[in-house]
Every structure is written in structure tokens, then in C-alpha cells.
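Hello,

Here is the structure I promised to send over. Please open it and keep it beside you while you read.

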Amino acid sequence: MSTEATLLERCESKCELCSSESALSPYVVSPHTQVTVDHAVMLCSTCKDQIEDPESAEINHWRCLNDSMWSQVPAVQVLAWRQLKRLSATKGWGQDLLDMMYMDEEVQKWAEIGMNDDEEKPRDVNGVELKKGDDVTVIKDLPVKGSSMIIKQGTAVRGIALTDDPKHIQGKVNGQTMFIIAEYCRKK
Ligand SMILES: [Zn+2]
């Protein structure tokens, strides 16, 4: 089943934050950049627009978090937590809900990493920042653009380099330098 089909099944064709059934699409929860079942949330266009442009936020729309903050899906918890955090600056009920919310330690870390709006950095599958010289393992088979080669899952890439694009790192595989999607790596 495709990622999107799996997500649609999980959300029962309803926005995972406000339960609206209109215009759903997957939204990747930062610092992740790829649509995967674990890192994406199905959102309606209203939720998506307001998350992307917090200035336009219609406060009462976010009363929906009262329900969605109890979702079992970590990505939904992270989004709910971040929205409540923003709301809590001006709304008492935002803080009240935040106080009631419970997240596993790892999920909490994910929520906090994405709150820092500083420049984008390449991050591995766990959201750990990747730096020049790090060793990583590729976590899934990756086709190499413009060739029939595949970088196999489990391939170790030593001493990576960074690129201008935070989504990609550069590394040597079988003696050849190539670009690899940062999020499909795990830092060793
Ligand atoms: Zn929604």
C-alpha cells in the first residue's frame, strides 16, 4: 500500500487535527522532510494553511486540539503540542491543555527540535543533526539518480560532507561520490 493510502486509512479520511473531511493532504512534521507514515499527518487545508502561516491563525479553530492531542500517533502529538505551545502565549486554555498533555520522552524531543526556527540543518531519520565527517548508515535501498545503481540498505558511509541543500548529504559509496537524502540515513 502506498504511504498516502496508509495515511488515509489511519486517519479514516478525516483531518487528524480537526476531523474535517475536506481536502486532505499529507503534511510532513519538521524537522523531517520526507512523507513517511511515521513522519506525516493528514491535514485539511484549513489546518495546513494556519500552521504554515501562524499570523492567519483563527484561534477558535484550534479548540479541536482538545480531542486530537490524545491521538496515539506521535506525529499528531507533536503537531498538537507545537500548536498549543504557540497558543499558550496568549490563551489560558492553550496552557491548560498543554499541562494535561502526555508524550513519550522521544516524542517530546521531536516536538522541541522543530520549534527552533533557526536555519535548516541536515538531520537523520531520528532528527539528529548531521555534521561534516559523521559516519552514517543508509536505512533503505536508494536508487541513484541517472544510473541503475542502488545504494543498499545498511550501507555504511564514512566521513560525509554537507551540501547547500539541508535535505541532502554527500558521501562516497563504492568509491563514487554521491548525494544521499539525509533523512534516509542513521548517524552511527
Ligand atoms: Zn483540519
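Two things before you start. This is a predicted model, in which local features need pLDDT of at least 70 and side-chain atom pairs count only at pLDDT 80 or more, while totals for chains, interfaces and linings use all residues. Residues are numbered from 1 along each chain as its sequence is written.

The protein is divided into domain 1 (3-114) and domain 2 (136-187), with bounds that come from an automatic or database domain assignment. Their centres, taken over C-alpha atoms, are separated by 30 Å. An unreviewed UniProt entry lists residues 6-52 as "domain: PhnA protein N-terminal proteobacterial"; such annotations may be inferred rather than shown by experiment.

Now for the cores. A nonpolar core is a set of buried Ala, Val, Leu, Ile, Met, Phe, Trp, Tyr and Cys residues joined through C-beta atoms within 7 Å. Buried means that 20 or more other C-beta atoms lie within 10 Å of a residue's own, with C-beta atoms placed from the backbone. The largest core has 28 residues, and Val41, Leu43, Ala75, Leu79 and Ala80 touch the most other members. Two or more residues each come from helix 1 (3-11), strand 2 (40-43), helix 4 (74-88) and helix 6 (105-113). (Helices, H or I with at least four residues, and strands, E with at least two, are DSSP runs numbered from the N terminus.) Which helix gives the most to this core? Helix 4 does, with eight residues. There is also a second, separate core of 13 residues, which includes Val125, Leu130, Ile151 and Ile160.

Leaving out residues up to four places away in sequence, Ala75 touches Val29, Asp38, His39, Ala40 and Val41, where contact means C-beta atoms within 7 Å.

Finally, the sheet: three strands form an open sheet in the order 6-3-10, with antiparallel pairing (strands pair if DSSP finds at least two bridges between them). Strand 6 (156-157) and strand 10 (185-187) are the edges, each pairing on one side only. Strand 3 (residues 136-138) is joined to strand 6 by two bridges, and Thr137 stands opposite Ala156.

Happy exploring!

Conventions:
Buried ≥ 20, exposed ≤ 12 C-beta atoms within 10 Å, placed from the backbone. Contact = placed C-beta atoms within 7 Å.
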